[in-house]
Amino acid sequence: MTGPAERLDRFMARANAIYYASRDPFADFTTAPEISQMFGEVIGLWAAIAWQLLGCPAPVALLEAGPGRGTLMADALRAIRQAAPGFAAAMQVHLIETSPRLRAAQANRVPAAVWHEDLASVPEQPFILIANEFLDALPIRQFVRRGHGWTERFVAGGTWVEQPVDAAEVPSGRAAGEGDVVEVNEPARGFVAAVANRLCRQPGAALFVDYGPMRSAAGDSLQALANKQPVDPLAMAGVADLTAHVDFADLAAVARHAGAQVQGPQTQGAFLAKLGLFQRMERLARSRPEHATTLMTAAQRLTDPSAMGELFKVLAIRSPACPDLPGLGGSSAQQ
Ligand code: SAH
């Protein structure tokens, strides 16, 4: 099938909209909250501490972007109700989700939530935002270094085509040799900028957990998964999950530029360990010894450098007046 060439980000947006609306993504990939309840519980405790550091604002929004099955939020809420009933009483849960199918799954687990298509309709008030594996699903553009100039990658009839592009479109600051691919995630940049702008108007904090390198680097990171196996990203549009590495250094710069404070990126393994994942595991294992092995395996999978511990990173951004958030190094003026 041939047709007009479609820019990669438009192709990816269209493919993922069909994918998330029609498939069960969790047949194709497993995310941290689906590995163990401990992940959502630890994030819930992080949110409760953030709320206290913000001065216990009420009312407050607990906001999640791309909540999947609603597992993370349900686990977080259980931990919050136990550890910080004042936060639980002051909050309204808001979920940003475009897929009607996943909204229905989320409604089963978090019935009291309010749903949004994007951040714009979430009421302006103090907030704590969490997003796990949300940014990696947003559509990227790819540029290729050719001679003294650049091309941009398009998709036509299931194959790649390159079209010349003005160098001004290409993000600067990434060294690239002949044939190297440079990526930009414009919706992720836009989302982080909008969150950071809100953080300058309202007390709040945001936590992004996703996969990607510590520093910006050239390279083609587009990936497609179907039935937990890598497949050709162009061959199974709408049937495979399309994601790309999150450029945390780039997003940190966007947040800083908007006036927010930034902590991280740092590895998921270090973040979870600092927030007491292993103590939580031991406590759960003592009360349910028959689950001890499962809990141990899950904790290792979430934190081990050879599993998710190092590839996944955590980035926090917060209002200028908020003190340092837990689990990450202090805020830095630049990366
Ligand atoms: N956070 C969940 C799910 C990750 S999958 C987990 O960790 O298990 C990505 C999620 O983002 C899905 O819920 C998907 O429907 C949602 N999503 C993808 N693109 C989106 C967009 N443009 N706007 C809002 N949600 C989106």
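A salt bridge here is a side-chain nitrogen of Lys or Arg within 4 Å of a carboxyl oxygen of Asp or Glu. This model is predicted: local features need pLDDT of at least 70, side-chain atom pairs count only at pLDDT 80 or more, and totals for chains, interfaces and linings use all residues. Residues are numbered from 1 along each chain as its sequence is written, and side-chain values use heavy atoms, leaving out hydrogens and water.

**Stop 1: the two domains.** Select 1-30 + 141-184 + 219-240 for domain 1. Select 31-138 + 186-212 + 247-335 for domain 2. The bounds come from an automatic or database domain assignment. Their centres, over C-alpha atoms, lie 27 Å apart.

**Stop 2: the interface.** Show contacts (heavy atoms within 4.5 Å). Here 19 residues of domain 1 touch 19 of domain 2. The buried area is about 1,400 Å², with 52% from carbon and sulfur atoms; this is the accessible area (1.4 Å probe) lost on putting the two parts together, summed over both.

**Stop 3: charged pairs.** Two salt bridges link domain 1 and domain 2. On the domain 1 side, select helix α1, residues 8-22: this helix gives the most to the face touching domain 2, with six residues. Now pick R69 and D24. Their side chains form a salt bridge at 3.6 Å, N to O.

**Stop 4: helix α4.** Select residues 71-83. Helices are DSSP runs (H or I, at least four residues), numbered from the N terminus. The 13 residues of α4 reach 19 Å from first C-alpha to last, close to the expected 18 Å, which is 1.5 Å times one less than the residue count. Color its buried residues (under 20% relative accessible area, 1.4 Å probe, protein chains only). They are T71, L72, M73, D75, A76, L77, A79 and I80.

Key:
Helices (H or I, at least four residues) and strands (E, at least two) are DSSP runs, numbered from the N terminus. Buried means under 20% relative accessible area, exposed over 50%, partly exposed in between (1.4 Å probe, protein chains only).
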